[in-house]
Amino acid sequence: MTTVALLGNPNTGKTTIFNSLTDKYAYVGNWTGVTVEKKLGQIKNSSVTLVDLPGVYSLNPLTKDEAVVTSYLLNNHPDLILNVTNAGQLKRNLLLTIEVLELGAPVILNLNMIDDLKRQGKYYDPSILEDWLGCKVKTTNARTHEGVATLKADLANLTADQTSSSPLLLDYPPMVKQAIRQATEALVQDYDMNHDFAQWLSIQYINKNKAVRRYALFHDLTPLRSQEKYYDAQDFEGQIFNTRFSFIERLLAAASQTISSANQVELTSKIDRVVTNPVLGLPIFAGIFFLIFKLSFDWVGTPLSDLLDSFISGPLSTWAEQFLTAAGALPVLRSLIVNGLIAGVGGILVFIPQIFVLFACISLLEDSGYMARAALVTDRIMQLIGLNGKSFIPLIIGFGCNVTGIMAARTIEQPKERLITTLISPFMSCSARLPVYSLVVAAFFPKHQALIVLSVYFLGIVVALLVAKGYQLLFGVSDSSVFIVELPQYHLPRFDVIWHGTWDKGKGFVKKAGTVIFAGTVLIWLLSSFSTHGYVTNSSQSFAASLGRQLVPFLAPIGITQWQTIAALFTGILAKEAITSSMMVMFHTSSQAVLISALGQFINPVAAYALLVFILLYAPCFATLGTIKQETGSTKWTIWSLVSSLIIAYGLSWLIFTIGSFLV
Amino acid sequence: MAATYTLSHFDRLNEATQERLHNLGLYEGITVALIQRYPFHGPVIIENEHQRIGLRYRVFTQLTGGSNQ
Amino acid sequence: MISLITNTVIILLIVALAFWQLVKVFKRAKKGKCAACDYDCAVKKQVLKQKSLH
């Protein structure tokens with residue numbers, strides 16, 4: 001089996017290449033840090049495996065996702081490295097290319113986004129690049145699939161004789177060269193290392209690569225470690241950078257050709273003049289999100305969901321009931337299937353239209369290149385709370401799912417800022433919470449659905465920011481934050497990319513319906529259908545009811561007085577969608593309309609809003625807790641995350657309920 | 001036409017920031033165009049070789065040799 | 001009689017399936033995975049490998 005590793009700077013379209021080569025879609029976005037872990041794919045009709053690595057600017061990692069790449073190269077030996085570059089930004093992209101070529105593995109250099117280069121009125125002669133660098137050069141424009149077929153054929157027909165090559169060695173200053181040679185010889189002799197790998201390791205070590213220095217420490221590579229002070233005192237790092245840079249400048253000068261440019265109207269600067277406007281930037285940011293919620297709740301999502309709901313609660317339930325009766329099913333089984341599975345799992349599936357509309361909008365934003373601008377216009381606010389605009393991106397991703405949001409926090413350079421972003425991520429209202437909002441707003445605020453939901457989302461952001469400020473004061477985060485963000489060219493959105501982005505995010509929702517929500521529904525059905533006396537037809541005598549009633553005194557101060565809601569909050573920790581499905585099961589209905597009127601009898605709008613806030617904040621779901629544990633490596637922080645959410649949720653709902661009841 | 005600035009004094013910045021700037025092709029002596037400034041010392045957008053980059057006001061003033069803070 | 005057995009078997013099957021799913025969810029959550037997403041196992045291997053190095 002042949003392995004090809006895909007490597008390149010962020011924003012070079014690596015993931016688009018990966019997707020078109022493997023006929024399988026991974027997650028694509030037009031902003032830095034979409035791939036935070038590596039992904040595997042198979043090139044169709046071949047035995048070649050493609051590994052998509054996170055985008056990196058150099059092999060010296062500054063962030064956690066960048067460290068994945070260096071560690072991959074240290075521990076794995078791909079048969080070929082496909083170095084994807086942004087042709088319009090070749091100069092800085094080649095810095096990474098040189099580091100890769102020094103490794104000595106066979107490389108194909110891919111000049112992607114060749115259209116951007118042509119638009120600049122420039123072109124590079126591939127044969128000169130091939131000559132100087134000693135590797136194959138292929139040009140593509142992945143978004144229009146131009147050149148991808150040839151690249152694919154090249155990779156699929158990869159044979160053993162092509163998979164050998166010798167490393168590139170630049171003409172470093174004599175002192176540096178000598179240091180590299182001495183270290184390499186010692187490593188080959190004393191550690192039985194492969195010569196090319198030893199040489200690459202030496203260059204990287206001398207160049208202050210943090211990951212390689214850790215590797216050397218771990219493997220106790222004395223020849224390198226004993227010279228560390230000398231290397232650094234002589235500023236070999238600076239000399240290496242200068243040598244590489246002047247090599248690239250000479251190379252590009254030699255390969256450069258001028259072509260007549262189409263002289264297109266600069267789309268990017270025109271849009272940027274509006275969306276990054278100092279005054280309008282933030283209002284536009286808020287406006288875009290309001291529009292998204294309008295689309296999902298008022299204009300497109302809700303009407304479709306209602307249609308689906310009337311089918312599931314009407315014909316489907318009736319038909320199932322009739323069929324089961326005719327087949328001789330006992331009342332218990334009928335209750336499990338109709339009031340349990342159809343009501344619970346079906347009750348979640350009706351939200352598919354709303355969620356897909358929301359995801360389509362977020363995918364559109366990601367693909368267009370707006371996300372980096374959003375990071376920019378929010379940076380000033382984020383700076384006030386000790387974070388930077390980059391933290392905003394994981395938070396927005398958290399609107400989809402908090403787990404992916406926390407994963408995206410890996411692109412943040414400062415460990416403390418990363419920890420804070422991880423801890424505040426669960427306050428972002430993930431899509432799993434959406435069904436229950438949708439129900440509550442339909443019951444209590446039918447006229448202002450989008451606005452109320454937006455206010456809950458906004459409240460989540462505000463709470464997250466305030467908590468972050470608290471952590472900043474607590475940790476004493478200094479002002480040494482790194483905020484440098486690349487603003488990519490805008491792309492005209494492409495339907496297939498957006499559709500697949502939407503599907504990629506949304507399919508998880510569908511899948512959850514069949515796994516965790518199904519399980520939660522059965523669990524709550526059992527609890528609400530049985531008591532110590534066995535099967536009960538009246539759920540108010542069940543286990544769930546007695547458990548819920550015991551907790552009423554604790555939750556009454558925030559306006560939650562029905563046992564059904566309290567029991568539903570418990571299953572909500574499994575997965576937030578389960579709150580909705582549990583309510584459906586416990587109210588024995590598969591119809592939203594019935595549930596809405598049932599809810600309306602118990603509480604008033606103020607209590608309903610307090611309930612929304614409590615559901616927004618009260619606890620991260622199990623998967624999110626697991627991810628926090630994974631990413632922080634600390635049980636303490638995980639427990640703290642759960643406890644602090646509960647306290648904040650309780651406090652805030654209490655405030656809203658108390659003040660609201662006083663006013664109304 | 002946008003105002004242009006020459007970047008220098010990279011040694012005043014912390015190592016991570018320096019490195020990130022190098023990664024994006026910004027180094028000692030390079031000329032960039034100032035595209036956008038934000039009020040209240042908010043971020044600054046600069047352009048170099050068709051690449052737009054956003055950075056913080058403080059970093060920008062340090063690089064352009066202005067009085068910091 | 002047969003009908004009672006069939007009914008019980010179906011109910012038990014559904015409940016067993018649900019509990020099996022629940023166990024799976026717990027296992028995945030512990031590893032920092034969401035029930036929704038399928039990050040490749042190779043990724044996790046990589047993370048574990050990295051951890052064992054330190």
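**Questions on a predicted model**

Q: Is Gln204(A) buried or exposed?
A: The relative accessible area of Gln204(A) is 1%. Buried means under 20%, exposed means over 50%, and partly exposed lies in between (1.4 Å probe, protein chains only). So Gln204(A) is buried.

Q: What pLDDT do local features need in this predicted model?
A: Residues are numbered from 1 along each chain as its sequence is written, while chains are lettered from A and ligands numbered from 1 in the order in which they are written.

Q: Which helix of chain A holds Gln204(A)?
A: Helices (H or I, at least four residues) and strands (E, at least two) are DSSP runs, numbered from the N terminus. Gln204(A) sits in residues 195-206 of chain A, and that run is helix 8.

Q: Which residues does Gln204(A) touch, not counting residues up to four places away in sequence?
A: A contact means heavy atoms within 4.5 Å. With that rule, Gln204(A) touches Leu59(A), Glu99(A), Asn209(A), Val212(A) and Arg244(A).

Q: Why does Leu50(A) count as buried?
A: Leu50(A) lies in strand 3 of chain A, residues 48-52. Leu50(A) counts as buried because its relative accessibility is 0%.

Q: How far apart in space are Leu50(A) and Ser317(A)?
A: In sequence, Leu50(A) and Ser317(A) are 267 residues apart. In space, C-alpha to C-alpha, the distance is 46 Å.

Q: How far apart are the centres of domain 2 and domain 3 of chain A?
A: Domain bounds come from an automatic or database domain assignment. For chain A, that assignment gives domain 1 (2-163), domain 2 (174-258) and domain 3 (282-478 + 512-663). Taken over C-alpha atoms, the centres of domain 2 and domain 3 are separated by 52 Å.

Q: What pattern does chain B follow along its sequence?
A: Chain B has 2 helices and 4 strands. Read along the sequence, they follow β-α-β-β-β-α.

Q: What radius of gyration does chain B have?
A: The radius is taken over C-alpha atoms, and the globule rule is 2.2 Å times the number of residues to the power 0.38. For 69 residues the rule gives 11 Å, and chain B is close to that, so chain B is as compact as a globular protein of that length. The radius of gyration of chain B is 11 Å.

Q: Which residues does Ile35(B) touch, not counting those up to four places away in sequence?
A: Ile35(B) belongs to strand 2 of chain B, residues 31-37. Ile35(B) is partly exposed, at 31% relative accessible area. Its contacts are Ile45(B), Ile46(B), Glu47(B) and Arg52(B).

Q: What share of the accessible surface of chain C belongs to carbon and sulfur atoms?
A: Chain C has 2 helices and 0 strands. Accessible areas come from the Shrake-Rupley method with a 1.4 Å probe; for residues, only the protein chains shown count as cover. The surface of chain C comes to about 3,500 Å², and the carbon and sulfur share is 75%.

Q: Which chains have the most contacts between them?
A: No contact joins chain B and chain C, and their closest C-alpha atoms lie 22 Å apart. There are 2 pairs of chains that touch. The most contacts are between chains A and C.

Key: Predicted model: local features only at pLDDT ≥ 70, side-chain atom pairs only at ≥ 80, totals over all residues. Heavy atoms only, no water.
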